[in-house]
Amino acid sequence: DGHLANVFVYVKEGLSGDFPVPSTQVVLDQKGCRYEPHVVGIMAGQDLTIRNSDGLLHNINTESSANRSFNISQPRSMESNRSFRSMEIMIPVKCDVHGWMTSYIGVVDHPYFAVTGTDGRYTIPNLPPGEYVIEAWHEVLGTQTFPVTVGAQETGDASFTFTEGVANADVPLAEPLVLAHATAGH
């Protein structure tokens, strides 16, 4: 129906200042031999709990370029905790035991990010008034950027359109592309 889930959307430009790191943990669960959620966002310095809910052997192998990669085994139902020091869009995660298990972690240095739901929608709450560049990242369809202005007591709108035509193209991470078709918006 033209909806695109698992798009990581974040403020790429326009923010200034330091933002407090949330004390809440972000959870990446291995459940039914799948990573849930498939795409997750986290602030640099925030705790990530990686859970094995399956009770069978999994491992978590990150392929980071800006942060320290890790490859840890979880032979049974258990949890491991990690965090990332630097912003990085995106960190691929895989399970070497089950080759189809993949996930992606978006690490930002502010709280203004979201992941689109199955309806293709997202919300970035409490964004201060200002002019921003929003970026949308998809694991197959690449990235898009969009300028948005948010006024005092207003909301902004940044809608993205991706085409299936680029699905098989070689698209590098974090390179802006201009695309058109299935939408993710709000």
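**Reading the model**

Author: Let us begin with the aromatic side chains. In this predicted model, a search of the whole structure finds seven aromatic pairs. In one of them, the ring centres of Tyr122 and Phe160 are 6.4 Å apart and the planes meet at 40 degrees, so this pair is tilted.

Reader: Which parts of the chain does the pair of Tyr122 and Phe160 tie together?

Author: Tyr122 belongs to the loop between β11 (113–115) and β12 (130–138), and Phe160 to strand β14 (residues 160–162), so the pair ties together parts that are 38 residues apart in sequence. Tyr122 is buried, at a relative accessible area of 5%, and Phe160 is buried as well, at 0%. Elsewhere, ring pairs link Phe8, Tyr10 and Phe113 into a cluster. A charged side chain can also be placed relative to a ring: Arg82 lies over the face of Phe70, at 5.3 Å from the ring centre.

Reader: How many helices and strands are there in the protein chain?

Author: The protein chain has zero helices and 15 strands. Of its 186 residues, 44% are buried. Among contacts between residues at least 6 apart in sequence, 58% join residues at least 24 apart. The accessible surface comes to about 9600 Å², and carbon and sulfur atoms account for 48% of that area.

Reader: How should I read the nonpolar interior?

Author: In soluble globular proteins, nonpolar side chains tend to be buried together. Here, the largest nonpolar core has 19 residues, of which Tyr35, Ile42, Leu48, Ile60, Phe84, Ile105 and Val107 touch the most other members. The elements giving two or more residues to this core are β2 (26–30), β4 (39–43), β5 (48–52), β9 (88–94) and β10 (102–108). A second, separate core of 18 residues includes Val11, Tyr112, Ile124 and Ala158.

Reader: Which residues does Ile42 touch, leaving aside those up to four places away in sequence?

Author: Ile42 touches Val26, Asp47, Leu48, Phe84, Ile105, Gly106, Val107, Val108 and Phe113.

Reader: How many disulfides does the structure hold?

Author: A disulfide is a covalent bond between the sulfur atoms of two cysteines. This structure holds zero disulfides.

Reader: Where is Cys33 found, and what is its phi?

Author: Cys33 is found in the loop between β2 and β3. Although Cys33 is not a glycine, its phi is positive, at about 55 degrees. Asn126, also not a glycine, has a positive phi of about 65 degrees.

Reader: Is Asn126 buried or exposed?

Author: Asn126 is exposed, with a relative accessible area of 70%, and its place is in the loop between β11 and β12.

Methods
Residues are numbered from 1 along each chain as its sequence is written. This is a predicted model: local features need pLDDT of at least 70, side-chain atom pairs count only at pLDDT 80 or more; totals for chains, interfaces and linings use all residues. Side-chain values use heavy atoms; hydrogens and water are left out. A disulfide is a pair of cysteine sulfur atoms within 2.5 Å. Rings of Phe, Tyr and Trp (its six-membered ring) pair if their centres lie within 6.5 Å; planes under 30 degrees apart count as stacked, over 60 as edge-to-face and the rest as tilted. Helices (H or I, at least four residues) and strands (E, at least two) are DSSP runs, numbered from the N terminus. Buried means under 20% relative accessible area, exposed over 50%, partly exposed in between (1.4 Å probe, protein chains only). A charge sits over a ring if NZ of Lys or CZ of Arg is within 6 Å of the ring centre and within 35 degrees of the ring normal. Contact means heavy atoms within 4.5 Å. Accessible areas come from the Shrake-Rupley method with a 1.4 Å probe; for residues, only the protein chains shown count as cover. A nonpolar core is a set of buried Ala, Val, Leu, Ile, Met, Phe, Trp, Tyr and Cys residues joined through side-chain atoms within 4.5 Å.
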